[in-house]
Every structure is written in C-alpha cells, then in structure tokens.
Amino acid sequence: MQWTLEQMRHFVAAAEAGSFSAAARHLGRAQSAISTSIGLLEADLGIELFDRRPRSPALTEAGQVLLLEARELLRQAAGLHQRALALSAGAQARLALAIDEALPDAVLDTLLNELSQRHPSLELTLLSGTASEVADYVLQGRASLAMHFDRGEPAPTFAYRHLGSVEQAIYVGRRHPLAHQPGLRVQDLARHRQLVMHMDDRSDMILSPNTWRADSFYNIAAMVADNLGWAILPLNIAEYRGYRGDLRQIRCAELVLPPVGLRALWRQGSIAGPAALWVQERMQELLHRP
C-alpha cells in the first residue's frame, strides 16, 4: 500500500468539484498533476474510481463507496494534526476527573460544555461516585482530580482547594411528625432519627442520639422521602425531580446552617496540567455565580 493522503485529497476534490480541471483550479495545481495523482491511487488500490468515458469523469460504484472512506480518513488526519498542534503548544493530553454525584447538575453541565470548547484536544475520563468514592479514585490513581462535598478533614495524602459552597436546609418527608410542627427547637429534632453522611464528623451538625448513616446524599434524600428520619441536605439534592414532591423543608430558629463546602482534591506532590487548573478555576467561578 503506497497511496498517500495527498492522493486522497485529490480524489475527494475531484469527486466534489465534478472534474479534474475544477479540482486543479481549487487546489492550485496543474490538471495533469491531479489526473496523474488519481491514476496512481487507482493503480495502488486496484480499483477504478472514475469512469473516464463521459466528457467529465464520473465516480464508479466503487468510487462512490471509497469516497465516504476517503472523507473520513481526511477528517481523522485533520483531527490528528490539530491535536498534535495543541499538544506541542502545551495543551494537556488527558484528564481523569472524579465528580461527586451530588454536585449541582446545572453547574456540572456548564463546566463540561465549556471544557469541550476550551480544550478540544483533551481526552477526558469522567468518573462519578459518592464523596468518599471519588476521593478513593484519586488515591487509587484512577483520577488525577476529584471534586466533592466537604464532609470532613481529608487524609494527609491529599492536597485540596476550596471551590465554593451550596446552601443547605433541614428536610423531612411529608408524613413525618415534624412536617407540620410549629416553632421547632433543637430538642424537637433530637427526639427523631437523623440521617447523616457516614463520613460526616462535625459534631455540631449531628443533633440526634439516634442516627442512620449513608454514603450518598441521594440515598439519604430517598430515606427522608420515606419518612425514616430528618436530614440536612444541599438544596440541589432536595430539589431533584425525584424527590421534589416528597420532601418538606422545615425551619428551626435555633439552628443556623452554614453552606456546605465543595473542594477539589488531588494527591500531594502531583502537578496539575492546564486543563485540570482550568477546571478548578471555572468551577470556583460557577459556584460563586448568582
């Protein structure tokens, strides 16, 4: 197989222009050069691409089929060239990103769409899981960067950066005894089971001696909807369409809830590429956007 990309370009140009002379004018080449190039391509492939008996060469059936392959080949070659240019200019080749499943969908959608535009040559691997799972992905080397809800001090193995926060509130199921109780106090909450994240070590947020733990905000929200207890949830989880009609927000004047923080997490000593740095910066901007 001795054919070249240049011959393929001449073949596609002739097919699209409708004649060798029109292709030559379009490419700025002599007609004889285009005709010779296509003839060598046909000889190498062992297939007649054009029927030259009409006044203007017409594609044969084989030529019509191979035209599709040739266009795809040239598209891939152009993509390879553009990626090589980006990499030679310092673009990051790959990014394995671990995302907390509870991150706000609208923020994540915007981030990924902008990432595809800003870093078109990037090969992205996106892993999703609970807050503890995405940290484990970084620890195992499956991801170079994780973004998750802050539910406690990370292990010394990790370096981290605060990205922003999400408002949170107290929720119960519609048939829970607290759902319609006026003037709620902390002692009222303490009488009922509290559903908390299993990795949450903040004693000021654990108010009931009776707790159930889970590793997913979505699992906790589902248990709240089933009236199994009350929980402090990020607003985006409570507003998720699967729970929106089954959860009721309640207020306790004695309890002031700070926003729950989100952070980026990576292994100590690792060096972030330009795409990873951009992801952190942009996520921080999106979380602070009204």
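Student: Which class of residue, nonpolar, polar or charged, has what count in the lining of the largest pocket?
Tutor: This is a predicted model. The largest pocket holds about 330 Å³ of space, and among its 17 lining residues P104, A106, V107, V166 and N236 are the closest to its centre. Sorted by class, the lining comprises 4 charged, 2 polar and 11 nonpolar residues.

Student: Which helix gives the most to the lining of the largest pocket?
Tutor: At least two lining residues come from each of α5 (105-118), β6 (158-166), α9 (235-238) and α10 (274-288). Domain 2 (94-165 + 261-288) and domain 3 (168-258) each contribute at least three residues to this lining. With 3 residues, the element that gives the most is α5.

Student: What is the volume of the second largest pocket?
Tutor: Its lining has 15 residues, with S144, L145, W266, S270 and I271 nearest the centre. β3 (94-100), β12 (260-267) and α10 each supply at least two of the lining residues. By class, 8 are nonpolar, 5 polar and 2 charged. The volume of the second largest pocket is about 160 Å³.

Student: Is S19 buried or exposed?
Tutor: S19 is located in the loop between α1 (5-17) and α2 (20-27). A polar atom of the S19 side chain lies 3.0 Å from the backbone nitrogen of A22. Buried means a relative accessible area under 20%; because the value for S19 is 15%, S19 is buried.

Terms used. Residues are numbered from 1 along each chain as its sequence is written. This is a predicted model: local features need pLDDT of at least 70, side-chain atom pairs count only at pLDDT 80 or more; totals for chains, interfaces and linings use all residues. Side-chain values use heavy atoms; hydrogens and water are left out. Helices (H or I, at least four residues) and strands (E, at least two) are DSSP runs, numbered from the N terminus. Buried means under 20% relative accessible area, exposed over 50%, partly exposed in between (1.4 Å probe, protein chains only). A polar contact is a pair of N or O atoms within 3.5 Å; within protein, one must be able to donate a hydrogen and the other to accept it, and residues adjacent in sequence count only if both atoms are side-chain atoms. On a 1 Å grid over the protein atoms alone, a cavity is a set of points where a 1.4 Å probe fits but cannot get out, and a pocket is an open set with protein on both sides within 12 Å along at least five of seven lines; lining residues have an atom within 4 Å of a point. Grid points are joined across faces, edges and corners, and a volume is the space filled by probe spheres set on the points. Ala, Val, Leu, Ile, Met, Phe, Trp, Tyr, Cys and Pro count as nonpolar, Asp, Glu, Lys and Arg as charged, and the others, Gly among them, as polar. Domain bounds come from an automatic or database domain assignment.
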